[in-house]
Amino acid sequence: MSDKCVVRTEAAPAPFQGAPYSQAVAAGGFVFVSGQLGLRPGDTAISGGIEEQTEQVFANLKAILEEAGSGLDRLVKTTVFLRHLDDFQTMNDVYAKHVGEQPPARATVEVGRLPSGALVEIEAVALL
């Protein structure tokens, strides 16, 4: 059994409302990143539309992955949760800019509700 290492950076928001989860956990050659919202570190409210929120989600993912010793170019799987599937194309355009020539496997689902009125949340798995 391999060790697990909790990943924490101030360059991304702390767990939402102090909930009992880590920003990410590195284990077994992978880093598992908890769902990220379009919340700027230190802010208490999410602002902007789907494009701005998706850009902030990727800024948060990038910061956490880099803290773990990985990066967006090492993503192998993401799950995208959208409040409105009608936002898919706009989210997808931003997403494509960040995942490069070899995009990860992905699932995208519409959900009933996200924390703080968020429009998008993305969780990720990347190679270390």
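Student: Before we look at residues, what do buried, exposed and partly exposed mean here?
Tutor: Buried means under 20% relative accessible area, exposed means over 50%, and partly exposed lies in between, with a 1.4 Å probe and protein chains only. The model is predicted, so local features need pLDDT of at least 70 and side-chain atom pairs count only at pLDDT 80 or more, while totals for chains, interfaces and linings use all residues. Residues are numbered from 1 along each chain as its sequence is written, and side-chain values use heavy atoms, with hydrogens and water left out.

Student: How many helices and strands are there?
Tutor: The chain has two helices and six strands, in the order β-β-β-α-β-α-β-β along the sequence. Both kinds of element are DSSP runs numbered from the N terminus: helices are H or I with at least four residues, strands are E with at least two.

Student: What about the radius of gyration?
Tutor: The chain has 14 Å, which agrees with the value near 14 Å for a compact globule of 128 residues. That radius is taken over C-alpha atoms, and the globule rule is 2.2 Å times the number of residues to the power 0.38. Along the principal axes, the C-alpha atoms fill a box of roughly 40 × 35 × 25 Å.

Student: And what share of the residues is buried?
Tutor: Buried residues make up 39% of the 128. Of the contacts with a separation of 6 or more, 70% come from residues 24 or more positions apart; contact means heavy atoms within 4.5 Å.

Student: Turning to charges, how many salt bridges does a search of the whole structure find?
Tutor: The search finds three, where a salt bridge is a side-chain nitrogen of Lys or Arg within 4 Å of a carboxyl oxygen of Asp or Glu. One of them joins lysine 97 and glutamate 55 at 2.6 Å, N to O. This pair links distant parts of the chain, since lysine 97 is in helix α2 (residues 88-99) and glutamate 55 in helix α1 (residues 50-68), 42 residues apart.

Student: Is glutamate 55 buried or partly exposed?
Tutor: Glutamate 55 counts as partly exposed because its relative accessibility is 25%. Lysine 97, at 57%, counts as exposed.

Student: Which buried glutamate has no salt bridge?
Tutor: That is glutamate 121, placed in strand β6 (residues 120-127). The nearest side chain of opposite charge is arginine 113, 11 Å away; Lys and Arg count as positive and Asp and Glu as negative, with His and the chain ends not counted.

Student: What does glutamate 121 touch?
Tutor: Leaving out residues up to four places away in sequence, glutamate 121 touches Gly35, Gln36, Leu37, Thr79, Val80, Phe81, Leu114 and Pro115.

Student: Back to helix α1: is leucine 65 buried or exposed?
Tutor: Leucine 65 lies in helix α1 and counts as buried, because its relative accessibility is 0%. Beyond its neighbours within four places in sequence, leucine 65 contacts Val31, Val33, Ser70, Gly71, Leu72, Leu75 and Ala126.
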